[in-house]
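Subject: Handover of a protein structure for your study

Dear colleague,

Please find below the structure that I am handing over to you. After it, I set out what was found, and I would ask you to read with the structure open beside the text.

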Amino acid sequence: QRDKFEQVLQKLTEVGVAAVVPVLTARSVVREPPDERRQTRWRAILREAAEQSGRGTIPQLTAAVPFADAIAQATAEGVTLVGYEQERQQTLRTALTAVRPAQRARTVGIFVGPEGGYTPDEAAVAQRAGAHLITLGPRILRTETASPILAALVLYELGDLSSPHAIDDRP
(Lines give C-alpha, C1' and ligand atoms only; values in the text may rest on other atoms or scores of the structure.)
Protein backbone atom coordinates (compact mmCIF):
# COMPACT_ATOMS: atom_id res chain seq x y z
CA GLN A 1 0.00 0.00 0.00
CA ARG A 2 2.87 2.37 0.75
CA ASP A 3 4.22 1.94 -2.78
CA LYS A 4 0.81 2.91 -4.13
CA PHE A 5 0.87 6.07 -2.04
CA GLU A 6 4.25 6.94 -3.51
CA GLN A 7 2.77 6.59 -6.99
CA VAL A 8 -0.14 8.84 -5.96
CA LEU A 9 2.29 11.47 -4.65
CA GLN A 10 4.15 11.44 -7.93
CA LYS A 11 1.04 11.72 -10.11
CA LEU A 12 -0.61 14.40 -7.94
CA THR A 13 2.56 16.46 -8.17
CA GLU A 14 2.69 16.08 -11.95
CA VAL A 15 -0.96 17.14 -12.25
CA GLY A 16 -0.40 20.25 -10.16
CA VAL A 17 -1.82 19.91 -6.65
CA ALA A 18 -0.63 22.37 -4.01
CA ALA A 19 -0.64 20.05 -0.99
CA VAL A 20 -1.11 16.42 -0.01
CA VAL A 21 -2.59 15.48 3.35
CA PRO A 22 -2.52 11.77 4.21
CA VAL A 23 -5.80 10.94 5.96
CA LEU A 24 -6.41 8.13 8.43
CA THR A 25 -9.84 6.54 7.91
CA ALA A 26 -11.74 3.60 9.35
CA ARG A 27 -10.72 1.44 6.38
CA SER A 28 -7.16 2.71 5.97
CA VAL A 29 -4.72 -0.12 5.36
CA VAL A 30 -1.95 1.86 7.06
CA ARG A 31 -3.23 2.78 10.49
CA GLU A 32 -0.22 4.52 11.99
CA PRO A 33 1.32 7.81 10.94
CA PRO A 34 4.47 7.34 8.86
CA ASP A 35 7.88 7.59 10.51
CA GLU A 36 10.42 10.30 9.63
CA ARG A 37 12.29 8.03 7.20
CA ARG A 38 9.10 7.50 5.19
CA GLN A 39 8.27 11.23 5.29
CA THR A 40 11.76 12.01 3.97
CA ARG A 41 11.30 9.54 1.12
CA TRP A 42 7.91 11.04 0.27
CA ARG A 43 9.36 14.56 0.20
CA ALA A 44 12.06 13.33 -2.19
CA ILE A 45 9.38 11.83 -4.46
CA LEU A 46 7.50 15.15 -4.47
CA ARG A 47 10.69 17.09 -5.27
CA GLU A 48 11.69 14.74 -8.11
CA ALA A 49 8.18 14.74 -9.59
CA ALA A 50 8.06 18.56 -9.44
CA GLU A 51 11.40 18.77 -11.24
CA GLN A 52 10.38 16.21 -13.85
CA SER A 53 7.10 17.97 -14.60
CA GLY A 54 8.62 21.46 -14.74
CA ARG A 55 6.85 22.78 -11.65
CA GLY A 56 8.36 25.71 -9.83
CA THR A 57 6.91 24.67 -6.48
CA ILE A 58 6.88 21.41 -4.59
CA PRO A 59 3.53 20.42 -3.06
CA GLN A 60 3.33 20.67 0.70
CA LEU A 61 3.17 17.30 2.49
CA THR A 62 1.60 17.36 5.93
CA ALA A 63 1.53 14.80 8.69
CA ALA A 64 -1.25 12.21 8.61
CA VAL A 65 -4.54 13.52 9.98
CA PRO A 66 -7.65 11.67 11.24
CA PHE A 67 -10.56 11.89 8.76
CA ALA A 68 -12.87 14.12 10.85
CA ASP A 69 -10.04 16.60 11.52
CA ALA A 70 -9.03 16.68 7.84
CA ILE A 71 -12.63 17.32 6.73
CA ALA A 72 -13.07 20.09 9.31
CA GLN A 73 -9.85 21.78 8.22
CA ALA A 74 -10.64 21.46 4.50
CA THR A 75 -14.17 22.85 4.80
CA ALA A 76 -12.87 25.76 6.88
CA GLU A 77 -10.38 26.61 4.12
CA GLY A 78 -12.68 26.30 1.10
CA VAL A 79 -14.67 23.92 -1.05
CA THR A 80 -14.38 20.24 -0.12
CA LEU A 81 -15.18 17.41 -2.50
CA VAL A 82 -15.40 13.82 -1.32
CA GLY A 83 -15.47 11.03 -3.88
CA TYR A 84 -18.01 8.63 -2.43
CA GLU A 85 -19.03 5.47 -4.23
CA GLN A 86 -22.51 5.49 -2.69
CA GLU A 87 -23.27 8.96 -4.13
CA ARG A 88 -25.32 8.61 -7.29
CA GLN A 89 -26.50 12.13 -8.16
CA GLN A 90 -24.01 14.91 -7.54
CA THR A 91 -21.16 15.06 -10.02
CA LEU A 92 -17.96 17.05 -9.78
CA ARG A 93 -19.29 19.63 -12.23
CA THR A 94 -22.61 20.11 -10.42
CA ALA A 95 -20.82 20.45 -7.09
CA LEU A 96 -18.43 23.06 -8.45
CA THR A 97 -21.16 25.05 -10.21
CA ALA A 98 -23.15 25.17 -6.97
CA VAL A 99 -20.22 26.85 -5.25
CA ARG A 100 -20.05 30.65 -5.17
CA PRO A 101 -17.07 32.08 -7.11
CA ALA A 102 -15.62 33.62 -3.93
CA GLN A 103 -15.46 30.18 -2.31
CA ARG A 104 -13.96 28.66 -5.43
CA ALA A 105 -11.11 31.16 -5.39
CA ARG A 106 -9.81 29.92 -2.03
CA THR A 107 -8.97 26.22 -1.97
CA VAL A 108 -10.55 23.02 -3.19
CA GLY A 109 -9.96 20.05 -0.90
CA ILE A 110 -10.24 16.69 -2.63
CA PHE A 111 -10.82 13.48 -0.67
CA VAL A 112 -10.47 10.03 -2.20
CA GLY A 113 -11.20 7.10 0.04
CA PRO A 114 -9.11 4.10 0.95
CA GLU A 115 -9.56 0.60 -0.42
CA GLY A 116 -13.16 -0.25 0.45
CA GLY A 117 -14.19 3.41 0.39
CA TYR A 118 -15.47 5.62 3.16
CA THR A 119 -17.85 4.25 5.75
CA PRO A 120 -21.39 5.67 5.90
CA ASP A 121 -20.43 7.35 9.19
CA GLU A 122 -17.47 9.09 7.52
CA ALA A 123 -19.73 10.24 4.67
CA ALA A 124 -22.15 11.67 7.25
CA VAL A 125 -19.30 13.48 9.04
CA ALA A 126 -18.22 14.99 5.72
CA GLN A 127 -21.73 16.16 4.85
CA ARG A 128 -22.34 17.67 8.28
CA ALA A 129 -19.09 19.60 7.93
CA GLY A 130 -20.25 21.05 4.60
CA ALA A 131 -18.35 18.84 2.17
CA HIS A 132 -19.88 17.86 -1.16
CA LEU A 133 -20.17 14.10 -1.71
CA ILE A 134 -19.67 13.42 -5.41
CA THR A 135 -19.83 10.48 -7.75
CA LEU A 136 -16.92 9.59 -10.00
CA GLY A 137 -19.24 7.69 -12.32
CA PRO A 138 -20.39 4.11 -12.58
CA ARG A 139 -16.98 2.48 -12.11
CA ILE A 140 -15.21 1.86 -8.83
CA LEU A 141 -11.67 3.20 -9.23
CA ARG A 142 -8.66 2.27 -7.17
CA THR A 143 -7.40 5.02 -4.90
CA GLU A 144 -4.19 5.37 -6.88
CA THR A 145 -6.28 5.92 -10.03
CA ALA A 146 -9.05 8.08 -8.57
CA SER A 147 -6.75 10.54 -6.78
CA PRO A 148 -4.89 11.96 -9.80
CA ILE A 149 -7.97 11.73 -12.03
CA LEU A 150 -10.11 13.71 -9.60
CA ALA A 151 -7.34 16.27 -9.07
CA ALA A 152 -6.92 16.70 -12.83
CA LEU A 153 -10.67 17.04 -13.34
CA VAL A 154 -10.95 19.70 -10.63
CA LEU A 155 -8.02 21.64 -12.08
CA TYR A 156 -9.54 21.34 -15.55
CA GLU A 157 -12.97 22.53 -14.39
CA LEU A 158 -11.36 25.51 -12.67
CA GLY A 159 -9.35 26.38 -15.78
CA ASP A 160 -5.95 25.52 -14.32
CA LEU A 161 -5.09 22.98 -17.03
CA SER A 162 -5.88 25.35 -19.88
CA SER A 163 -2.89 26.38 -21.90
CA PRO A 164 -2.39 29.92 -23.11
CA HIS A 165 -0.89 28.29 -26.21
CA ALA A 166 -3.78 26.01 -27.11
CA ILE A 167 -3.75 24.71 -30.67
CA ASP A 168 -6.99 26.54 -31.50
CA ASP A 169 -5.46 29.87 -30.44
CA ARG A 170 -2.45 29.69 -32.76
CA PRO A 171 -2.41 31.86 -35.90
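Two residues are said to be in contact, or to touch, when heavy atoms of theirs lie within 4.5 Å. Threonine 25 sits in the loop between strand E2 (23–24) and helix H2. Its relative accessible area is 10%, and it is therefore buried, since buried means under 20%. Please bear in mind throughout that this is a predicted model.

Overall organisation

The protein contains seven helices and seven strands. Starting at the N terminus, their order is α-β-β-α-β-β-α-β-α-α-β-α-β-α. The protein has 171 residues, of which 37% count as buried. Among contacts with a separation of 6 or more, 82% are between residues 24 or more positions apart.

The nonpolar cores

Which residues have the most contacts inside the largest nonpolar core? They are Phe67, Ile71, Val82, Phe111, Tyr118, Ala126 and Leu133, in a core of 13 residues. Helix H3 (67–77) and helix H6 (120–129) each supply at least two residues of this core. The largest share, four residues, comes from H3. Alanine 126 is in contact with Phe67, Ile71, Val82, Ala131 and Leu133, leaving aside its neighbours within four places in sequence. Apart from this core lies another, of eleven residues, including Phe5, Val8, Val17 and Ala151.

After H2 comes glycine 54, which has a positive phi, near 75°.

Helix H7 (residues 143–157) has 15 residues and reaches 21 Å from its first C-alpha to its last, close to the 21 Å expected. Among its buried residues are Glu144, Pro148, Leu150 and Val154. Just after H7, glycine 159 takes a positive phi of about 85°. Leucine 153 also lies in H7, but its relative accessibility is 38%, so it counts as partly exposed. Together with Leu136, Leu141 and Ile149, Leu153 makes a nonpolar surface patch of about 290 Å².

Is leucine 81 buried or exposed? With 0% relative accessibility, leucine 81 counts as buried. Leucine 81 is placed in strand E5 (residues 78–83). Leaving out residues up to four places away in sequence, leucine 81 touches several residues, among them Leu92, Ala95, Ile110, Phe111 and Val154. Leucine 81 and valine 112 are 31 residues apart in sequence, with their C-alpha atoms 8.8 Å apart in space.

Alanine 95 is found in helix H4 (residues 92–97), and at 0% relative accessibility alanine 95 counts as buried. Neighbours within four places aside, alanine 95 is in contact with Leu81, Gln90, His132 and Ile134. From alanine 95 to histidine 132 there are 37 residues in sequence, and the C-alpha atoms are 6.5 Å apart.

Salt bridges

Side chains of opposite charge can pair when their charged atoms come close. The structure holds five salt bridges. One of them joins lysine 11 and glutamate 14, whose closest N and O atoms are 3.7 Å apart. Both residues lie in helix H1 (residues 2–15), three residues apart, which is about one turn of the helix.

Arginine 43 and glutamate 36 also meet in a salt bridge, at 3.3 Å from N to O. Arginine 43 is partly exposed at 38% relative accessibility, whereas glutamate 36 counts as exposed at 51%.

Glutamate 157 forms a salt bridge with arginine 93, with the closest N and O atoms 2.6 Å apart. This pair links distant parts of the chain: glutamate 157 is in helix H7 and arginine 93 in helix H4, 64 residues apart. Finally, Glu6, Arg38 and Arg41 are linked in a network of salt bridges.

Yours sincerely

Note on methods
Residues numbered from 1 in each chain as written. Predicted model: local features only at pLDDT ≥ 70, side-chain atom pairs only at ≥ 80, totals over all residues. Heavy atoms only, no water. Buried < 20%, exposed > 50% of the residue type's maximum accessible area, 1.4 Å probe, protein only. Core = buried A, V, L, I, M, F, W, Y, C linked by side-chain atoms within 4.5 Å. Expected span 1.5 Å × (residues − 1). Patch = residues over 30% accessible without salt bridge, like charges linked within 9 Å, V, L, I, M, F, W, Y side chains within 5 Å. Areas by Shrake-Rupley, 256 points an atom, 1.4 Å probe, with all protein chains shown as cover. Salt bridge = Lys/Arg side-chain N within 4 Å of Asp/Glu carboxyl O.
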